[in-house]
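Here are my notes for your first read-through. Please keep the structure open beside them and find each residue as it comes up.

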Amino acid sequence: MERKNADNINDKWFDGMAFQESSNDPEFTEIAASFLCGDILGTKGALGDKQRALLILASLTASQTLNSLYQYTQAALKVGATGEEIKEVAYQTAPYIGLEKVQSALDEINFALGDAGIDQTAPQTQADEDARFPVGLKVQQTIFGEDNINTMRAGAPKDLKRFQDYLSAYCFGDFYTRGALDIKMRELVTFTALISMGGVMPQIRAHIQGCLSVGNTRAELIDTIYVTLPFNGFPRSLNALAAVNEIAPPEE
């Protein structure tokens, strides 16, 4: 493992302050900064710095590590993310973690953006009230297969039809159709949110398939798990790796 560039990466991403120096716990500060900046961010993977920064924000949002969002929002800006892209990451997690959790994250993100001189971001809504269901359904079918989605909808009990409509219109119509992030990145954000929540293996497996179907690779999925490892810990990360190996096994 190479840690010789950890200080350079710490400077590039965090102005040398990946973890605040603590007179009480200097050893933890050193271990944490070295692992994040040296082992994780210092190892090249399938994703670029901007993608990695955005996925870290997705992980922190999903796990509600709110007091770190200011710092990592500023880091994302430093490595090339726009205000629109950063906010869309939080928006994209809403159907999976819940509205109020996203609002709490956006409060921190907006504070950081404001301090960076970004007081307004461009609107990204593309599907109006009339279009959100048919367009969302089409996106859902694109990701998971038309036959699969049609069968799921047709087989839903009568008292769950509305749930299926919400899934298409809200999850996919209101969010997946928005601008700033393409569908590949939105699926990676969704995958990140799920593995950061824990305990949702059926959905993790489904969105591994979804990621692959829209053009993400096994290498990108694994890099997503690696880059969020410092924030998710080993148990959730190992569970996610096992699911990727099950659905997209390594080539012989």
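1. Start with helix α5. This is a predicted model. In it, the buried residues of α5 pack against α3, α4 (69-78), α6 (94-97), α7 (99-115), α10 (161-176) and α11 (183-197). Trace those helices before going on.

2. How many of the ten residues of α5 are buried? Eight are, so the helix, which spans residues 83-92, is mostly covered; buried here means under 20% relative accessible area. The buried residues are Gly-83, Glu-85, Ile-86, Lys-87, Glu-88, Val-89, Ala-90 and Gln-92.

3. Look next at the largest nonpolar core. It has 66 residues. Trp-13, Phe-14, Leu-41 and Phe-191 have the most contacts inside this core. Which helix gives the largest share of the core? Helix α3 (residues 49-62) does, with eight residues.

4. Take Phe-191 by itself. Set aside its neighbours within four places in sequence. Phe-191 is then in contact with Ile-204, Ile-208, Cys-211, Leu-221, Thr-224, Ile-225 and Val-244.

5. Now the charged pairs. A search of the whole structure finds ten salt bridges. One of them joins the side chains of Lys-78 and Asp-15, at 3.0 Å from N to O. This pair links distant parts of the chain, 63 residues apart. Lys-78 is in helix α4, while Asp-15 is in the loop between α1 (6-14) and α2 (26-40). Lys-78 counts as partly exposed because its relative accessibility is 40%. Asp-15 counts as exposed because its value is 54%, and the cut-off for exposed is over 50%.

6. The side chains of Glu-85 and Lys-50 meet at 2.9 Å, N to O, in a salt bridge. Glu-85 is in helix α5 and Lys-50 in helix α3, 35 residues apart. Are the two partners buried or partly exposed? Glu-85 is buried, because its relative accessible area is 11%. Lys-50 is partly exposed, with 31%.

7. Asp-174 forms a salt bridge with Arg-132. Their closest N and O atoms are 2.8 Å apart. Asp-174 lies in helix α10 and Arg-132 in helix α8 (residues 132-144), so the pair ties together parts that are 42 residues apart in sequence. At 25% relative accessibility, Asp-174 counts as partly exposed.

8. Finish with a network. Which residues do its salt bridges link? They link Glu-88, Arg-178 and Arg-186. Glu-88 is also among the buried residues of α5.

Key
Residues are numbered from 1 along each chain as its sequence is written. This is a predicted model: local features need pLDDT of at least 70, side-chain atom pairs count only at pLDDT 80 or more; totals for chains, interfaces and linings use all residues. Side-chain values use heavy atoms; hydrogens and water are left out. A nonpolar core is a set of buried Ala, Val, Leu, Ile, Met, Phe, Trp, Tyr and Cys residues joined through side-chain atoms within 4.5 Å. Buried means under 20% relative accessible area, exposed over 50%, partly exposed in between (1.4 Å probe, protein chains only). Helices (H or I, at least four residues) and strands (E, at least two) are DSSP runs, numbered from the N terminus. Contact means heavy atoms within 4.5 Å. A salt bridge is a side-chain nitrogen of Lys or Arg within 4 Å of a carboxyl oxygen of Asp or Glu.
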